Amino acid sequence: MSMTNTTDRDSPKQAASTDTAPVLLHTYRVARVEKVQAPDGSEGVDWRRYVLESGRSIITGQRRGSPEAVLAYAVECTERLNARGRKGESSWSPRSKKPAAL
């Protein structure tokens, strides 16, 4: 029986040590917040687009508010995404197991 060793290249995360949580290779950060036109069907002139980046992953969103309020919201989003990554949870998988079909 042979065993295959994995390297840091093979895994999106690398372990710092056996008694600590894995360290993310890429963490999300706020790339920019910029003023945009109101989305179709929306009112107001204080709309902003925020862009979150992590490596080649980009998340964009729009939110109404002052530049400071939208920036604070975007920072909160990055903190939540990065916290999920530190726990080893995928943002693409369900958070709980579904009951078996009968």
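Biologist: How do you know that the span of α1 agrees with its 20 residues?
Modeller: This is a predicted model, and here's the check. The expected span is 1.5 Å times one less than the number of residues, so the 20 residues of α1 should span 28 Å. The end C-alpha atoms of α1 are 29 Å apart, which agrees.

Biologist: Which residues of α1 are buried?
Modeller: Val 70, Ala 74, Cys 77, Thr 78, Asn 82, Arg 84 and Gly 85. Buried means under 20% relative accessible area.

Biologist: What puts them on the same side of α1?
Modeller: Their arc around the axis is only 155 degrees, so they sit on the same side of α1. Over on the other side, Glu 68, Glu 79 and Arg 80 are exposed.

Biologist: Which residues make up the largest nonpolar core?
Modeller: Five residues do: Tyr 50, Leu 52, Val 70, Ala 74 and Cys 77. To count as a nonpolar core, buried residues of the listed kinds, Tyr, Leu, Val, Ala and Cys among them, must be joined through side-chain atoms within 4.5 Å. Both β4 and α1 (67-86) supply at least two residues of this core, and α1 gives the most, with 3 residues.

Biologist: And why are β4 and β5 called paired?
Modeller: Pairing takes at least two bridges. Strands β4 (residues 47-54) and β5 (residues 57-64) have 8 bridges, in the antiparallel sense, so they count as a pair. As one example, Glu 53 has Ile 58 in β5 as its bridge partner.

Terms used. Residues are numbered from 1 along each chain as its sequence is written. This is a predicted model: local features need pLDDT of at least 70, side-chain atom pairs count only at pLDDT 80 or more; totals for chains, interfaces and linings use all residues. Side-chain values use heavy atoms; hydrogens and water are left out. Helices (H or I, at least four residues) and strands (E, at least two) are DSSP runs, numbered from the N terminus. Buried means under 20% relative accessible area, exposed over 50%, partly exposed in between (1.4 Å probe, protein chains only). The arc is that of the directions from the helix axis to the C-beta atoms.
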